[in-house]
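Please go through the two-chain model below with its coordinates open.

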Amino acid sequence: MDAVFMIDFLGATVRIATPILMAAMGGILIERSGTFAVGLEGMMLSGAFCGVVGAFLSGSIVGGLLAAGLGGLLFGLIIAIATTKFDTEHMVTGLAANLLALGLTSFVLRTVVGGGKAPVIHIPLLQPVAVPILADIPVVGALLFRQPPLTYLAFVGVIAISIFLRRTRGGLLLAASGENPLAVFAAGTDPIHVRFAALLAGGAIAGLAGAVLSLQQIGTFTDGMTGGRGYMALAAVIVGRWLPLGTLAGCIMFGATEAMQLRAQAFNLPVSSYVIQMVPYLAALLVLAGLGRTARLPSAIGQPFRRD
Amino acid sequence: MTVAAIVSQRAAWRDTLAWRVVLSVVWSLVVTGILILMAGKNPFVAYQHIVLGAFGSWPRVVVGLNKAAPYMLAGVGVALCFRGNVANMGAEGQIAMGGLAASVAALIGANALGAAVLPAALIAGVLGGAAWAAIAAAINLARGVHEVLVTLMMNFIAWLIVAEFLHGPMGEIDAGFPQTPMFENVAWLPKLVARTDLHIGIVIAILAAVVAHVVLWRTVTGFRWRLAGASDKAAHYAGVSRARSVFGLMLVSGVLSGMAGAIEVLGVHYRLIEGFSLGFGFNAIAIALLATLKPLWVIPAALFFAFLETGALSMQRQIGIPSSLVLVIQGLSLIFVLCAIGRGARRI
């Protein structure tokens, strides 16, 4: 196995991990505030769709990114209204939102945008931007500092959310709403508002995760193009014990296993590609089972908050 | 009867779950209708074509009934699980494994077993689904991993196992599509009505819903499940073991979903094909919720979903409105139903 192959492999790992990582960062905000983030898949899909349509209609990539964030936010809003105003069960609400996103994107693409049939839209991809000086470091430079913008955003987001959750008043309130909403209420903030805001912010971030796929990696929208990455992001959040850095590790693991699967032939593995495709899911299950009960959920997650 | 009494009676009627569910479905049709308008089509024409496509002729009704059978079976399993506070998202994988196991039995047993191959294949399907559910329950109980995650992950693995079998040992050579060779005639599920495609799956499914209803409301086991779902504390004080009810409920869901997978391959396709059950398990969750977790109500809810889907496919062919409209209606009605019943479903 030579260096060129290794660099290619690591590059693919980063590429595959990026959309999952971005969605997982949104997922952390949502879950830490006390809502199960099963709807990540739908937020991502909506973001991917709105990103492409927005970029197509506005003719600018910034318009696309803005639309992607709004598309994810829209599904965050739907889930927020259902779970906070109507006390719906979080898991099923998320699942329903995913179903709705799958149908709505496919339907609107064909009718409103395409006028009867699926239109052919190609958006020029977001191009890699080299960080001055750092990009010239051998190997690492090309791998980490010659990436498209959303990749930087995802990795910087890990640090930003880490600091936000530990060091800011808002972050502490958010985490407290997931652990002990009554204490938050006693301190003068309505935990319901915190959860609502977290769903909106998390939705927008997950929408950008969809844009990573559609605007940065593929350049168009196809039905159900997120293909379960939202669920992978959810698993990564839990594998990472609801911490940004741990979640980053989980995403890199998923990215590496998938990158390995794509290069199965080169590795000369004695199993079929389907068995290798199982590896990320098996790995997630194993890590979860290994963590066992220490992988403690935010204690008030999934519970409605009532003042009385 | 005084006016006040009539009014309060009417209010009580409006307060029933059934009324709220119907209203939610109507609202979802209204919102979807607005979408169709935005697409420049007439929603009434679209809905008319869905109804015609679903009920327009006897063969169409048969397609809908056959489609409803696996939804009903898996939906009943999910409804029981949710009632017992087990968030089982794994029907999808259990159906896939049931179909796989039934297909293996049907292909291997055709020569050796003769006419006994059909019951053998059905039992294999049931066991396949149950085994898959049991693994999930075991991981959940032994290691405390949340059941939603275990079952979701295992769905992906189940799909890949089916793909592995179809691209490997069981695949039909030169078929051009990942599928097994066709089963022998003896392994086919009998028809309910001669010279139609209607197989006995719908009868099995309705029976399952009725049995589940009786077990849930008339037996000690059912009471334990309801207690476990209503309150952890109460169940604990009453000496009801959480682990036992989780394992039992998951097994029941596995059995029913495995049966759903088996009747789909033995009754509709007569072979295992890739993606034969894609989305069935998630539909089952939606159907269970639409039925407000009542096993008997799963029957109409499953029929609604099935006929909606067959009708929409025909609508797409006839007037060119994409059939993904169905997903919109399903997703919206599920969200509206969830909002309308709040957390009430499990308590009532």
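In chain B, residues 24 or more positions apart account for 77% of the contacts with a separation of 6 or more, where two residues are in contact if their C-beta atoms, placed from the backbone, lie within 7 Å. This is a predicted model, in which local features need pLDDT of at least 70 and side-chain atom pairs count only at pLDDT 80 or more, whereas totals for chains, interfaces and linings use all residues. Residues are numbered from 1 along each chain as its sequence is written, while chains are lettered from A and ligands numbered from 1 in the order in which they are written.

**Confidence**

- The predictor assigns the complex an ipTM of 0.89 together with a pTM of 0.88.
- Chain B has an average pLDDT of 89, and 94% of its residues score at least 70, pLDDT being the predictor's confidence in each residue on a scale from 0 to 100.
- Within chain B, confidence is highest in helix H8 (residues 201-218), at a mean of 96, and lowest in helix H15 (residues 344-347), at 49.
- Where pLDDT is low, the predicted coordinates should not be read in detail.

**Overall form of the two chains**

- Chain B comprises 15 helices and zero strands, with helices (H or I, at least four residues) and strands (E, at least two) taken as DSSP runs numbered from the N terminus.
- The C-alpha trace of chain B spans about 75 × 60 × 35 Å along its principal axes, and 57% of its 348 residues are buried, a residue being buried if 20 or more other C-beta atoms lie within 10 Å of its own, exposed if 12 or fewer, and partly exposed in between, with C-beta atoms placed from the backbone.
- Along the principal axes, the C-alpha atoms of chain A fill a box of roughly 65 × 50 × 45 Å, and buried residues make up 52% of the 308 residues in chain A.
- In chain A, 73% of the contacts with a separation of 6 or more are between residues 24 or more positions apart.

**Contact between the chains**

- The contact draws 40 residues from chain B and 39 residues from chain A.
- On the side of chain B that touches chain A, the elements giving two or more residues are H2 (17-38), H6 (117-143), H7 (147-167), H12 (280-290) and H14 (325-341) of chain B.
- The residues on that side of chain B divide into 29 nonpolar, eight polar and three charged, where Ala, Val, Leu, Ile, Met, Phe, Trp, Tyr, Cys and Pro count as nonpolar, Asp, Glu, Lys and Arg as charged, and the others, Gly among them, as polar.

**Helix H2 of chain B**

- The end C-alpha atoms of H2(B) are 32 Å apart, which agrees with the 32 Å that its 22 residues should span at 1.5 Å a residue, the expected span being 1.5 Å times one less than the number of residues.
- The buried residues of H2(B) are B:Val21, B:Ser24, B:Val25, B:Ser28, B:Thr32, B:Leu35 and B:Ile36.
- Seen down the axis of H2(B), these buried residues fall within an arc of 120°, so they line one face of the helix; the arc is that of the directions from the helix axis to the C-beta atoms.
- The cover over the buried residues of H2(B) includes helix H4 (90-113) of chain A, along with H3 (43-55), H12 and H14 of chain B.
- Exposed residues B:Val26, B:Val30, B:Ile34, B:Leu37 and B:Met38 sit on the face of H2(B) turned away from its buried side.

- H4(B) (residues 58-83) is mostly covered, with 21 of its 26 residues buried.
- B:Asn85, in the loop between H4 and H5 (91-113) of chain B, has a positive phi of about 65° although it is not a glycine, and it is buried, with 21 other C-beta atoms within 10 Å.
- B:Tyr270 also has a positive phi, near 60°, and counts as partly exposed with 19 C-beta neighbours inside 10 Å.
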